[in-house]
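Hello,

Here is the structure for your review. My notes follow below it.

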Amino acid sequence: MRLMIFVSHEIRLKMCASRTPAEWDETFELFVDMTLGYMALNMGQRYLNRIERLPMHTSIRTGHQYMLELLNQHPDRMFNKIRMYRPCFEMLIQVLRQQTTLQNSRYLTLEEQVMIFVYVISQKATNRMAMEDWQHSGSTISVVFTRICKAIASLSQTFIKPPNFDAIPDEIQWNPKYYPYFQYPYLVILIDLLWQNCIGAIDGTHIAAHAPADVANNFRGRKSTVTSNMLAICSFDMLFTYVVTGWEGAIHDSRVLTTQLEDPTSGFPHPPPGKYYLVDSGYSNKPGFLAPFSNVPYHLRDTRRRAGGINGPTELFNYRHASLRNCIERCFGVLKARFPILRYMTNFSLIRQREIAMCCFVLHNFIRLHNRGDPLFDRYGVDGVMPPSDSDSDDDAPSSSGTARDQGANSRNDNNFANDMRDRIMLEMYLNYN
């Protein structure tokens, strides 16, 4: 108030000292503007003082009480909310206390913090939805989400481990459709006896993403939607053994794999000599990576819907190859069914989106290890179950990107060796089939 009186006085003195009409008009307009601005500010302040600030989160059921309610009532309520049961959740809390620095905060227990995070990724909940359900401010929800996300992502090396290259998977050893064809001895060059062991399946999948406008085109997949590409390896008991997240959706799966193979710091579990991963038609057939025959029906849906069944050895090989490699599709099906945030990503930073995706993979493996009776694994765990197809999958896309480097003489010789091995498996399989 005193400042306004002083300024008004100075302006009046300036008006009196004005010698020309133009100077007087300019000074008068300044005085009017300041007077009106002060009046508006004064009236707005009086209006705000009349409004009583109402507390927002006043529900009788606090966030802690909501957590106890989910833990202690019907188990399906908890599963429907956070996609895991109480014993598995309590085991997760124990692991986080032992292997991370997470502890109870001043107002929230660690159990409530973890449940808020898992709730958000399991329900694709926004910050406002979490505020209402857990009766905390938006800043609290954001801080808790970031803290738990980083902690769970840091456990990736603990729960996402390379497969055991020496063991024959039970899913192959005890299934006559696959044994001994995908685990078969061959005499090769230099009369070396090698056991060709199938040790897992590789594929890429797309998840929803939010990208800044200046790089959004790099994240647009085949359907022009903004997505992020992820490469994963899984074992036949539906555990992920290697994961890389954060690639742009426009990048082809084969290029992602080639880059990881050539990067010595990527941690990619290279198959030992004589071992191989199953890959789809988007990748080249070469040592360590067994692909199906091209220009032959491959997908399970195509073979099962067609009248007349399987015709010829190449179709039989592709059908059984697809049946065995289907485990990676089922893993992705469980992952996206449990964590819908992967289909409807909210507006996080690109770095946080990578961490969220890695958390989903870690929790997938954690639940698989500690709850074999999980309903989602029971639904997708049956051999031959076909999960919903990925709209941005690169299965049928030409694999021009990332395979152009395999043009040297050594690469051609390696591919010839891999093709001969595939032909032998195909012939032996077809002879026993008839």
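W134 lies in helix α7 (residues 127-134). Helices here are DSSP runs of H or I with at least four residues, strands are E runs of at least two, and both are numbered from the N terminus. This is a predicted model: local features need pLDDT of at least 70, side-chain atom pairs count only at pLDDT 80 or more, and totals for chains, interfaces and linings use all residues. Residues are numbered from 1 along each chain as its sequence is written, and side-chain values use heavy atoms, with hydrogens and water left out.

W134 counts as buried, at 0% relative accessibility. Buried means under 20% relative accessible area, exposed over 50%, and partly exposed in between (1.4 Å probe, protein chains only). Leaving aside residues up to four places away in sequence, W134 touches G63, Y66, M67, L70, E112, M115, I116, Y119 and I141. Contact means heavy atoms within 4.5 Å. From W134 to M115 is 19 residues in sequence and 9.9 Å in space, C-alpha to C-alpha.

**Helices α3 and α6**

Helix α3 (residues 63-72) packs with helix α6 (residues 110-123) at an angle of about 80°, and their axes are 10 Å apart. Axes are lines fitted to C-alpha atoms, for helices over the stretch in contact, with angles from 0 to 180 degrees between N-to-C directions. The two helices, α3 and α6, are therefore roughly perpendicular (65 to 115 degrees; under 35 is roughly parallel, over 145 roughly antiparallel, the rest oblique). On α3, the contact uses G63, H64, M67, L70 and L71; on α6, E111, E112 and M115.

**Cysteines**

How many disulfides does a search of the whole structure find? It finds 0. The cut-off is a pair of cysteine sulfur atoms within 2.5 Å. C359 is in no disulfide; its nearest cysteine sulfur, in C149, is 3.8 Å away. For C360, the closest cysteine sulfur is that of C359, at 6.9 Å, too far for a bond. C359 is buried, at 0% relative accessible area. C360 is buried too, at 0% relative accessibility.

**H206**

H206 sits in strand β2 (residues 193-208). H206 counts as buried, at 6% relative accessibility. Its side chain makes a polar contact with the side chain of T227, at 3.0 Å. A polar contact is a pair of N or O atoms within 3.5 Å; within protein, one must be able to donate a hydrogen and the other to accept it, and residues adjacent in sequence count only if both atoms are side-chain atoms.

**Overall**

The protein has 16 helices and 6 strands. Of its 434 residues, 47% count as buried.

Best regards
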